[in-house]
Each structure stands twice: as structure tokens, then as C-alpha cells.
Amino acid sequence: MLKKIQAYFEKVPPEKRKKRFKNACIVEGITCILLFLVAMPVKYQFGIWWQMIPVGILHGAAFMWYLVQLPFVKKLYQWDDEDYVFAILSAFFPFATFWVEKKLI
């Protein structure tokens with residue numbers, strides 16, 4: 001499976017990969033905002049728990065999309081190990097992918 005993913009990313013031109021990663025950073029951050037600032041307050045204020053499911057699925061997909069792309073854009077941006085680890089860890093902190101998009105890209 002990993003070889004198929006790697007083959008897919010190697011076929012994509014570098015500029016397109018950069019644009020996709022930038023979009024992944026933004027989408028992951030937006031879904032995080034939707035989850036924390038919209039879905040969770042609605043859940044706890046009004047008891048509408050079921051609306052968390054689609055937002056959670058979207059955020060999970062964006063999170064995975066971001067993480068899958070990281071090893072393949074590391075070479076494009078010529079990140080050292082410190083920048084790469086920072087980019088990985090930023091996926092686990094709310095809204096940090098916006099910072100990755102501004103500082104590392």
C-alpha cells in the first residue's frame with residue numbers, strides 16, 4: 001500500500017504537490033475550527049450530539065490527508081528534521097497547521 005501511495009505522489013508534479021499540501025494545511029485548520037468552535041458548543045449547549053459525526057469525519061479525513069502528505073513534501077521544501085517533526089506535531093495541536101502553512105511553506 002505504501003508503494004502505491006509513493007508512486008502516486010511521485011507522478012504528481014512538484015508545484016501541484018505544494019499546492020495540495022498548502023490546501024491540506026488550510027482544510028485541516030478549518031475543520032478543526034468547525035469541530036471546536038461550532039460542533040462541540042452546539043453539542044454541549046443544545047444536546048445535538050449527532051451533528052458531531054459528519055464534522056468529526058471531515059476533520060479526521062483532513063487530518064489524515066495532511067499527515068499522509070508530510071513525508072512527500074519534506075523533500076520538496078527541503079525541511080531539516082526539526083521542521084519535519086514540528087510539521088508532524090502541529091497536526092496534533094488545534095490550529096497549528098495554519099502556522100505550518102505560513103512559516104514552513
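Tutor: Residues count from 1 along each chain as its sequence is written. Because the model is predicted, local features need pLDDT of at least 70 and side-chain atom pairs need 80 or more, while totals for chains, interfaces and linings use all residues, and side-chain values use heavy atoms, leaving out hydrogens and water.

Student: Why are H1 and H3 called oblique to each other?

Tutor: The axes of helix H1 (residues 2–11) and helix H3 (residues 52–77) cross at roughly 60° and come within 11 Å. Angles under 35 degrees are roughly parallel, over 145 roughly antiparallel, 65 to 115 roughly perpendicular, and the rest oblique. So H1 and H3 are oblique.

Student: Which residues of H1 and H3 meet?

Tutor: Ile5, Gln6 and Phe9 from H1 meet Val68, Gln69 and Phe72 from H3; contact means heavy atoms within 4.5 Å. That contact has four nonpolar residues, two polar and no charged.

Student: What makes Glu101 count as buried?

Tutor: Buried means under 20% relative accessible area (exposed is over 50%, partly exposed in between, with a 1.4 Å probe and protein chains only). Glu101 has 9% relative accessibility, so Glu101 counts as buried. Glu101 is in helix H5 (residues 96–103), and touches Lys22, Cys25 and Ile26, not counting residues up to four places away in sequence.

Student: Which residues touch the most other members of the largest nonpolar core?

Tutor: Among its 13 residues, they are Phe21, Tyr66, Leu70, Trp79, Ala87 and Val100. The largest share of this core, five residues, comes from H3. Such a core joins buried Ala, Val, Leu, Ile, Met, Phe, Trp, Tyr and Cys residues through side-chain atoms within 4.5 Å.

Methods: Axes fitted to C-alpha atoms, helices over the stretch in contact; angles between N-to-C directions. Helix = DSSP H or I, 4+ residues; strand = E, 2+ residues; numbered from the N terminus. Nonpolar A, V, L, I, M, F, W, Y, C, P; charged D, E, K, R; others polar.
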